Amino acid sequence: MNQLTVLVLNLIFILFSTFVFQYIIVNKFANLYSKYAKIFIIILGGIQILFCMSFTVIGSSDFIFDLRLIPVVVGGLYGGPVVSIMLFITVVAARIPFGGNGVWINFFNMLTITVLIVYLSSKFRAFPLSRKLYTVVAVALSYTVLIFLMKAAVFDDLSNLQFMLLYGLALSAGIFIVTYYIEIMRQNQLLHNAVIKSDKIEVVSQLAASVSHEVRNPLTVTRGFLQMLKDPTIEEKKRLYYLNTAIDELDRAETIIKDYLNFAKPQSELDSSICVKEEIEKALELILPYANHFSVNIKRDLMAGMNVAGEAAKFHQCILNIIKNGIEAMPNGGDLVISCREMANNHVSITIKDTGCGMSPQQLAKIGEPYFSTKAEKGTGLGMMVVNKIIHEMGGSLSVKSKLNEGTQFKITLPLYNMEKRET
């Protein structure tokens with residue numbers, strides 16, 4: 001292979017392995033990655049180093065060139081000093097079998113870069129994107145100049161100018177692309193988390209208004225009965241009735257507040273077994289005041305004994321978003337039917353159907369797209385995007401049917417919780 005082909009092959013493998021790492025490890029196994037991030041980065045960097053050194057450009061009998069610097073720099077900057085030192089040991093150990101004077105130049109140059117990366121790693125993450133890109137390109141260019149100067153000055157081995165420029169350009173462009181890609185993926189993940197958080201806050205704030213209204217009712221009743229208890233001529237039987245009624249109303253207010261707080265407070269991200277019927281019932285208890293405010297009658301047909309895998313808080317958010325949309329599609333009242341059934345293929349089917357204004361085929365085609373909403377200025381369009389994401393994370397799918405002025409039906413399909421697979 002010629003020089004350019006080798007360098008391009010190195011870069012393609014680094015980009016591909018980084019993409020797979022970000023998509024599978026960082027995104028799909030976020031909890032595991034956060035716990036063992038340094039180990040994962042060391043493994044990825046080590047694989048990339050070994051691959052690059054398996055496909056090299058032979059500068060002379062003593063010197064080989066490849067893009068091994070990219071995983072050393074990127075891994076060290078994002079993983080920290082420990083990762084940087086481990087990658088330094090890996091790259092030095094991998095170079096020894098090739099022999100020649102290049103072993104010592106590789107050791108000295110990588111040591112210099114490692115010291116620099118250890119110094120920068122604590123500050124690098126706080127840099128803006130442009131400064132991060134300038135930093136990694138500057139490191140790549142410095143390494144290129146350093147290695148060719150030492151090669152010429154110490155061993156009197158001059159390199160072809162064209163190859164020097166090609167290597168410097170490939171190294172700089174490669175480290176630029178890899179760093180930019182990682183930053184874009186990190187920003188997308190942060191944006192996704194922010195969208196989920198903001199959408200949940202929006203749901204909570206809107207439910208809070210209806211919950212506060214619902215709490216006032218039992219408090220008003222309680223106050224009325226307590227005022228009547230001030231009458232000294234009241235019969236003992238009525239007194240007990242008034243006291244019991246007041247206590248029952250206070251208990252009802254406490255239940256409403258407790259259900260609201262259970263939804264609003266931060267939840268631990270535990271992927272566990274969720275009882276579909278129980279969790280839907282909890283969501284319905286919370287949304288009921290909101291439905292009453294819109295004169296919406298909620299009908300339920302829920303089969304018991306079905307469990308799915310996921311986080312209860314996210315499942316609540318998903319169900320609440322869809323039900324809330326259905327309620328708001330019926331400003332003059334209507335019926336909302338929610339049902340769940342076990343399917344023949346070890347899946348659960350959850351159907352939420354309203355009798356609201358419905359959607360046109362054009363609107364239906366865009367549902368779930370960011371910032372698209374049928375609520376005009378009142379909607380952000382982020383709610384259904386979050387719903388799609390949650391259902392996808394739980395291994396399920398979402399289908400929507402709708403007709404203008406007839407209503408909308410959402411159908412969620414989720415795999416049943418398989419205890420045997422979880423244990424193995």
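Between helix H10 (276-293) and strand E4 (296-302) runs a loop that holds Ser-295; helices (H or I, at least four residues) and strands (E, at least two) are DSSP runs, numbered from the N terminus. Ser-295 is not a glycine, yet its phi is positive, at about 60 degrees. The residue is also exposed, with a relative accessible area of 55% (buried is under 20%, exposed over 50%, partly exposed in between; 1.4 Å probe, protein chains only). Asn-346, in the loop between strand E6 (334-342) and strand E7 (347-354), is another non-glycine with a positive phi of about 60 degrees. Asn-346 is exposed too, at 53% relative accessible area.

All of this comes from a predicted model, where local features need pLDDT of at least 70, side-chain atom pairs count only at pLDDT 80 or more, and totals for chains, interfaces and linings use all residues. Residues are numbered from 1 along each chain as its sequence is written, and side-chain values use heavy atoms, leaving out hydrogens and water.

On to the rings. Rings of Phe, Tyr and Trp (its six-membered ring) pair if their centres lie within 6.5 Å, and planes under 30 degrees apart count as stacked, over 60 as edge-to-face and the rest as tilted. That rule gives 14 aromatic pairs. One of them, Phe-19 with Tyr-181, is tilted, at 6.2 Å centre to centre and 45 degrees between the planes. Phe-19 is partly exposed, at 41% relative accessible area. Elsewhere, ring pairs join Phe-13, Phe-51 and Phe-55 into a cluster.
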